[in-house]
Amino acid sequence: MIEFLPLLLFAGAIFVLLLGYSVAFSLAGTGLIFAAIGIMTGHFEASFLEAVPNRLFGIMNNAVLIAVPLFVFMGVMLEKSKVAEELLDTMAALFGPIRGGLGISVTVVGMLLAASTGIVGATVVTMGLLSLPTMLRRGYDPKVATGVICASGTLGQIIPPSIVLVLLGDVISSAYQQAQLDQGIYSPKTVTVGDLFLGALLPGLLLVGAYIVYLIFKAIFHPATVPAIPPEERAAMDNMFKRVIFALLPPVFLVGLVLGSILGGWATPTEAASVGAVGAMLLAMARRCFTLPILKEVMRTTTQVSSMVFIILVGASIFSLVFRGYGGDDLVRNFLSDLPGGVFGAVALVMLVIFLLGFFLDFIEITFVVVPIVAPILLAMGLDPVWLGVMIALNLQTSFLTPPFGFALFYLRGVAPESISTMQIYRGVIPFIMIQLVALIALAQWPALATWLPNLVYG
């Protein structure tokens with residue numbers, strides 16, 4: 001019975017979460033309750049809890065995590081200052097003359113917006129409010145419209161730079177060092193957030209390309225579902241050159257500058273995020289949208305999101321300490337090592353568990369609770385850390401799209417008009433889920449899709 005206490009701890013945390021309690025306090029509270037029971041029964045060493053202050057100080061002292069509030073500020077500022085709305089209008093005007101052009105515009109803008117925020121809910125809601133009424137008014141099939149919005153909104157899981165990859169990169173880096181130390185390697189190699197950015201870039205762009213190819217396919221074989229913008233509407237649009245110069249190029253240049261400075265080694269993720277935050281304010285000033293009420297709203301949202309991330313990290317740290325104190329690491333390691341199929345079986349099971357947890361937990365909880373437990377074990381089996389990180393991000397993106405529990409579906413349902421049924425949203429995302437699964441299989445079959453670019457750039 002004692003050896004199964006780590007599983008009871010994990011099940012207890014899931015149960016408390018399903019009761020509706022806050023994630024951070026559910027994790028910390030469950031961990032401390034099990035620790036207290038273990039101390040009283042003699043099954044848990046109280047000395048494990050002495051590491052809590054060091055863990056909390058490590059969180060406060062982690063320079064990489066400072067990028068989180070800065071990236072959130074950048075994304076929210078672009079949203080509140082109407083930069084995203086103007087960007088969507090301009091892209092729609094550019095691609096409007098062709099069938100499926102509006103859907104392609106939503107995909108590209110969703111990619112840029114998702115990359116700047118990395119918050120699935122914010123991107124899906126924003127794109128739903130901005131583009132769904134326009135797409136429906138211009139005759140798009142509701143299933144296609146909702147599918148494109150949900151799929152493009154989840155691209156923040158895989159398109160750099162985003163807070164998802166920042167957090168995941170930090171956790172994978174720690175897990176990789178731990179895996180090497182467990183193997184007796186006392187001069188461990190390192191993997192950085194920049195490595196993960198580079199690793200995710202090619203799979204992310206291929207995924208965007210696959211979405212666009214699907215829309216072109218719909219335009220060729222089912223043209224009525226993705227009509228072009230009527231000529232009279234296009235004629236009413238003002239100077240296209242001016243639109244491109246002032247609405248399209250600045251935000252694209254900003255995202256490119258942030259990402260390029262990280263990938264080129266000119267700046268750390270935190271430094272690049274600060275450039276992005278300042279750049280977003282400058283774009284808002286150029287549009288004369290940088291007002292005190294907007295600044296207050298952006299700062300309030302940034303504070304709320306950042307506080308949520310860090311308090312969850314604190315709760316997850318306490319939970320993982322108690323889990324390790326009960327020997328949970330050894331239990332998971334032995335279980336994964338004894339699975340039939342070796343490394344393939346272990347990876348397949350972990351990916352399935354993460355996929356299912358994605359129905360109930362956000363990426364932050366999964367990144368801070370599940371990944372630190374399984375990643376050191378998988379990396380000790382010889383897996384590439386960049387490949388593993390990209391696989392997890394792509395897997396979570398697929399989970400957030402999958403009915404009936406995908407987060408993206410719930411977010412869009414909240415802002416979609418009543419004329420759109422839930423079943424239409426579910427049916428709309430099915431083709432994109434198929435694309436995601438093909439991408440996952442391709443990445444599993446050819447790890448070089450994730451590892452080639454980091455090896456090329458960093459040698």
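In the predicted model, Thr-302 lies within helix α14, which covers residues 292-325, helices being DSSP runs of H or I with at least four residues, numbered from the N terminus. Thr-302 is buried, its relative accessible area being 9%, where buried denotes under 20% relative accessible area, exposed over 50%, and partly exposed the range in between, with a 1.4 Å probe and protein chains only. When residues up to four places away in sequence are not counted, Thr-302 touches Pro-69, Val-72 and Phe-73, a contact being heavy atoms within 4.5 Å. The model is a predicted one, in which local features need pLDDT of at least 70 and side-chain atom pairs count only at pLDDT 80 or more, while totals for chains, interfaces and linings use all residues. Residues are numbered from 1 along each chain as its sequence is written, and side-chain values use heavy atoms, with hydrogens and water left out.

Helix α5 (residues 83-95) comprises 13 residues that should span 18 Å at 1.5 Å a residue, and the 18 Å between its end C-alpha atoms agrees with this, the expected span being 1.5 Å times one less than the number of residues. The buried residues of α5 are Val-83, Ala-84, Leu-87, Leu-88, Thr-90, Met-91, Ala-92 and Ala-93.

Ala-11, located in helix α1 (residues 5-18), is partly exposed at a relative accessible area of 44%. Ala-11 and Thr-30 are separated by 19 residues in sequence and by 9.9 Å in space, C-alpha to C-alpha. Phe-360 occurs in the loop between α16 (342-357) and α17 (363-380), and counts as partly exposed with 46% relative accessibility.

Notes
Helix = DSSP H or I, 4+ residues; strand = E, 2+ residues; numbered from the N terminus.
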